[in-house]
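Okay, thanks for coming, everyone.

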Amino acid sequence: MNNINEKKIVLCLPARNVSKTLHLTLDEIPEEFKKHIILVDNASHDGTPQLAREAGLKVIEHEVDRGYGGSQKTLYTTALADGADIVVMLHPDHQYDAKVIPTLVKPIILGEADAVFGSRMLGGHPLEGGMPVWKYNANIFLTAAANLVFQRYLTEIHSGFRAYSRKYLETVQFEKNSNNFVFDTEIIAQGMSCKLFFREVPIVTRYFPEASSINFRHSVVYGFGILGVLVRYMLHKMKIRHIAHFEAK
Ligand SMILES: Nc1nc2c(ncn2[C@@H]2O[C@H](COP(=O)(O)OP(=O)(O)O)[C@@H](O)[C@H]2O)c(=O)[nH]1
Ligand SMILES: [Mg+2]
């Protein structure tokens, strides 16, 4: 089993008010990856679920806001129940180039990695792509802190464009993670703790008004949330405090 036709690849789209960008995102997905797409709508009020259904996607609605992390929990639980071998998280806000999906899933198909992240840092031109300078600096600082704590090297821990193997999602306790944006860091910490293998592929950066809702104040809260995960990971690894959700299922 090392060919794309033998693997069930399910695209997972966490969505909140993406009516302006959904079609732009879908149009970039290569044809052979359009078979299995799930969109979890997190209490949108701009008609996102209807639009997604019309586009032929499997749609699950959170009528009450359950957060970005909560949306991923529903997505991965559904994808695993649907028999996914590989899950790709793609933001439907057109921030990431879906044409890269074949490159993203390849190391998992080849059995070389359990998780593959699109990295804007590896892409080389995050500032030219419009990433604000303060975000660039925070990204470098938080990724460096994560590399120190995990003792593994990644160029970016904030990517919203990721592929996970079934094994990854069956190993880590992602259901126990937070319902907000810190979910993305917690799921990495769990994979590190369970000694799973990571890979990165270069991606370009896109910034435009609809691409990011997180303002400076929320980013500071998010940054401290990430540092909190790193501290808890360290305490767990040093056996000072046992944190059950860093263990394998
Ligand atoms: N902001 C926000 N985005 C959500 C939520 N649930 C799902 N999403 C989706 O998560 C993705 C990332 O959100 P975004 O605000 O663009 O974050 P950023 O790109 O990391 O700054 C987008 O595709 C949103 O539509 C939520 O509760 N809040
Ligand atoms: Mg975004």
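So, helix H3 gives the most to the shell around ligand 1, with three residues. H3 covers 67-81, and both H3 and strand E1, at 9-15, each supply at least two residues of that shell. When I say helix or strand, I mean a DSSP run, H or I of at least four residues for helices and E of at least two for strands, numbered from the N terminus.

There are 18 residues around ligand 1, and Arg16, Asn42, His91, Ser212 and Ser213 come nearest. To count as near, a residue needs its C-beta atom, placed from the backbone, within 6 Å. By type, the shell divides into seven nonpolar, eight polar and three charged residues. Here nonpolar is Ala, Val, Leu, Ile, Met, Phe, Trp, Tyr, Cys and Pro, charged is Asp, Glu, Lys and Arg, and the others, Gly among them, are polar.

A word on what you're looking at: this is a predicted model, where local features need pLDDT of at least 70 and side-chain atom pairs count only at pLDDT 80 or more, while totals for chains, interfaces and linings use all residues. Residues are numbered from 1 along each chain as its sequence is written, with chains lettered from A and ligands numbered from 1 in the order in which they are written.

Stepping back to the whole chain, we have nine helices and seven strands. The radius of gyration is 17 Å, close to the 18 Å from the globule rule for 249 residues, so the chain is as compact as a globular protein of that length. That radius is taken over C-alpha atoms, and the rule is 2.2 Å times the number of residues to the power 0.38. Of the 249 residues, 41% are buried. Buried means 20 or more other C-beta atoms within 10 Å of the residue's own, exposed means 12 or fewer, and partly exposed is in between, with C-beta atoms placed from the backbone.

Now the inside. The largest nonpolar core has 62 residues, and Val88 and Ala163 are among those with the most contacts inside it. E1 brings the largest share of this core, six residues. A core here is a set of buried Ala, Val, Leu, Ile, Met, Phe, Trp, Tyr and Cys residues joined through C-beta atoms within 7 Å.

What does Val88 touch, leaving out residues up to four places away in sequence? The list is Ile9, Leu11, Cys12, Ile101, Leu104, Val105 and Ala163. Contact means C-beta atoms, placed from the backbone, within 7 Å.

Val88 also has Ala163 as its bridge partner in E6. Strand E4, residues 86-89, runs antiparallel to E6 with four bridges; strands pair if DSSP finds at least two bridges between them. From E6, residues 162-165, Arg162 and Tyr164 point one way and Ala163 and Ser165 the other, and all are buried.

Strand E5, residues 115-119, is joined to E6 as well, antiparallel, by three bridges. Phe117 stands opposite Arg162, and Ala115 opposite Tyr164. E5 also runs parallel to strand E7, residues 198-202, with five bridges, where Gly118 partners Val201. Both faces of E5 are covered.

Last one: is Thr155 buried or partly exposed? Thr155 has 18 C-beta neighbours inside 10 Å, so this residue counts as partly exposed. You'll find Thr155 in the loop between helix H6 and E6.

Key
Two residues are in contact if their C-beta atoms, placed from the backbone, lie within 7 Å.
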